[in-house]
Amino acid sequence: MGFGLSSWSLFLHILIACNLHVIQFAHGSHGARELTNKHHGDQLLDHIRLYDDSANQGHVHGHPSSYMDHMDPSSMIFFTMEDLKVGKTMPIYFPKRDPATSPHLLPREEADSIPFSLKQLPHLLEFFSFSLDSPQAKAIEDTLRHCESEPIKGETKFCATSMESMLDFAGAVLGRFQHHDFQVLTTSHLTKSTTLFQNYTILKIPVEISAPKMVACHTMPYPYAIFYCHSQESQNRVFKVTLGGENGDRVEAIAVCHTDTSQWSPDHVSFRVLGVLPGTSSVCHFFPADNLVWVPTTLSI
């Protein structure tokens with residue numbers, strides 16, 4: 001699944017093949033203006049509920065999540081390197097997101113025409129027709145704050161407002177002039193199920209994807225698709241893990257193991273789930289199906 005920076009149509013085709021139907025385009029006159037109608041307000045509400053479930057995953061490693069005030073099944077995505085073995089059973093939460101209710105990803109030209117700044121919040125709320133005290137307004141503000149927060153030591157971060165900007169960021173981090181191409185990895189659900197939380201067993205020896213550099217992109221709640229993308233200088237290990245659920249579900253999951261957590265917030269939910277302290281243990285986590293992991297294509301899987 002390799003993509004050069006110019007391989008736009010191929011990239012979109014394979015994203016769809018990877019079941020990333022969450023990424024949809026809003027074309028022409030039906031683009032930004034449509035974001036202001038009630039339908040898209042309802043879409044954002046649905047996304048907020050899904051994000052509330054997944055926010056406990058704490059993808060913003062340096063900053064404690066505002067949703068960490070209680071332990072929740074949705075935080076059960078974390079494990080350690082020692083758990084990566086055939087036969088290991090652990091409870092895992094995989095959010096199920098309906099593409100029909102997911103915000104659209106805009107083309108760059110359209111996304112760039114809309115301000116994306118906390119300073120512009122009053123204008124944005126007026127543009128999207130959301131009241132100041134609405135849950136949509138809170139979600140927009142939280143996303144902008146996350147995107148404008150300072151990166152932790154050794155971290156490079158960027159909020160992609162379009163697919164083109166995400167490609168540019170991934171290429172810059174991975175070194176497009178050295179590798180020319182990079183590939184996207186995603187979690188795939190091989191069976192259809194509405195079960196969000198259950199015990200999964202590792203069915204095969206996990207396959208490590210040798211990647212000295214990687215970029216992880218996580219969806220954020222917003223009227224159109226926003227991806228929080230980041231990369232860390234510290235060593236990270238990427239794995240493809242075949243899981244079997246107790247109800248018969250099969251998942252080909254992408255997982256990342258962070259070997260150095262010394263710069264993470266002590267309040268990060270993973271430490272509470274695993275019972276460890278920053279810098280004392282590796283922290284691994286599974287990715288939802290609509291999140292992306294970028295690695296160079298010159299590396300073998």
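User: In this predicted model, how far does the backbone oxygen of M214 lie from a polar atom of the side chain of S231?
Analyst: S231 belongs to strand β10. A polar atom of the S231 side chain and the backbone oxygen of M214 are separated by 2.8 Å.

User: Is S231 buried or exposed?
Analyst: The relative accessibility of S231 is 10%. Buried residues are those under 20%, so S231 counts as buried.

User: Which residues does S231 touch, not counting residues up to four places away in sequence?
Analyst: S231 is found in strand β10, where its relative accessibility is 10%. With residues up to four places away in sequence not counted, S231 touches G154, E155, T156, V173, M214 and V215.

User: With the side chain of which residue does the side chain of T80 make a polar contact?
Analyst: T80 is found in the loop between β2 (78-79) and β3, and T80 is buried, with a relative accessible area of 13%. At a distance of 3.1 Å, the T80 side chain makes a polar contact with the side chain of E82.

User: Leaving aside its neighbours within four places in sequence, with which residues is T80 in contact?
Analyst: T80 is placed in the loop between β2 and β3. Once neighbours within four places in sequence are left aside, the residues in contact with T80 are L274, S281, S282 and C284.

User: How many aromatic pairs does the structure hold, and what is the geometry of the pair formed by F94 and Y200?
Analyst: There are twelve aromatic pairs in the structure. In the pair of F94 and Y200, the ring centres are 5.4 Å apart and the planes stand at 90°. An angle over 60 degrees is the cut-off for this class, so the F94 and Y200 pair is edge-to-face.

User: How many residues apart in sequence are the parts that the pair of F94 and Y200 ties together?
Analyst: F94 lies in the loop between β3 (89-93) and α3 (108-112), whereas Y200 lies in strand β7 (residues 197-202). F94 is buried at a relative accessible area of 1%, and Y200 is buried at 0%. The pair therefore ties together parts whose separation in sequence is 106 residues.

User: What is the geometry of the pair formed by F116 and Y222?
Analyst: The ring centres of F116 and Y222 are 5.3 Å apart. Their planes are at 65°, so the pair is edge-to-face.

User: Where do F116 and Y222 lie, and which accessibility class does F116 have?
Analyst: F116 lies in the loop between α3 and α4 (121-128), and Y222 in the loop between β9 (215-220) and β10 (226-232). Y222 counts as buried at 0% relative accessibility. F116 has a relative accessible area of 23% and is therefore partly exposed.

User: Which residues do ring pairs link into a cluster with F116?
Analyst: F116 and Y222 form an edge-to-face pair, and both belong to a cluster linked by ring pairs.

User: What length does helix α5 reach from its first C-alpha to its last?
Analyst: Helix α5 (residues 135-148) has 14 residues. At 1.5 Å a residue, 20 Å is expected, and the helix is close to that, reaching 20 Å.

User: Why are K138 and D142 separated by about one helical turn, and how far apart are the closest N and O atoms of their salt bridge?
Analyst: K138 and D142 are four residues apart in helix α5, so about one helical turn separates them. An α-helix has 3.6 residues a turn, so residues three or four places apart point the same way. K138 counts as partly exposed at 44% relative accessibility, whereas D142 counts as buried at 15%. In the salt bridge of K138 with D142, the distance between the closest N and O atoms is 2.7 Å.

User: How many salt bridges does the structure hold, and with which residue does D83 form one?
Analyst: The structure holds five salt bridges. D83 counts as buried at 16% relative accessibility. With the closest N and O atoms 3.5 Å apart, the salt-bridge partner of D83 is K88.

User: How many residues apart are R237 and E208?
Analyst: R237 forms a salt bridge with E208, with the closest N and O atoms 2.8 Å apart. The pair links distant parts of the chain, with R237 in strand β11 (residues 236-245) and E208 in strand β8 (residues 207-209). R237 counts as partly exposed at 26% relative accessibility, as does E208 at 35%. The separation of R237 and E208 is 29 residues.

Terms used
Residues are numbered from 1 along each chain as its sequence is written. This is a predicted model: local features need pLDDT of at least 70, side-chain atom pairs count only at pLDDT 80 or more; totals for chains, interfaces and linings use all residues. Side-chain values use heavy atoms; hydrogens and water are left out. Rings of Phe, Tyr and Trp (its six-membered ring) pair if their centres lie within 6.5 Å; planes under 30 degrees apart count as stacked, over 60 as edge-to-face and the rest as tilted. Helices (H or I, at least four residues) and strands (E, at least two) are DSSP runs, numbered from the N terminus. Buried means under 20% relative accessible area, exposed over 50%, partly exposed in between (1.4 Å probe, protein chains only). The expected span of a helix is 1.5 Å times one less than its number of residues. A polar contact is a pair of N or O atoms within 3.5 Å; within protein, one must be able to donate a hydrogen and the other to accept it, and residues adjacent in sequence count only if both atoms are side-chain atoms. Contact means heavy atoms within 4.5 Å. A salt bridge is a side-chain nitrogen of Lys or Arg within 4 Å of a carboxyl oxygen of Asp or Glu.
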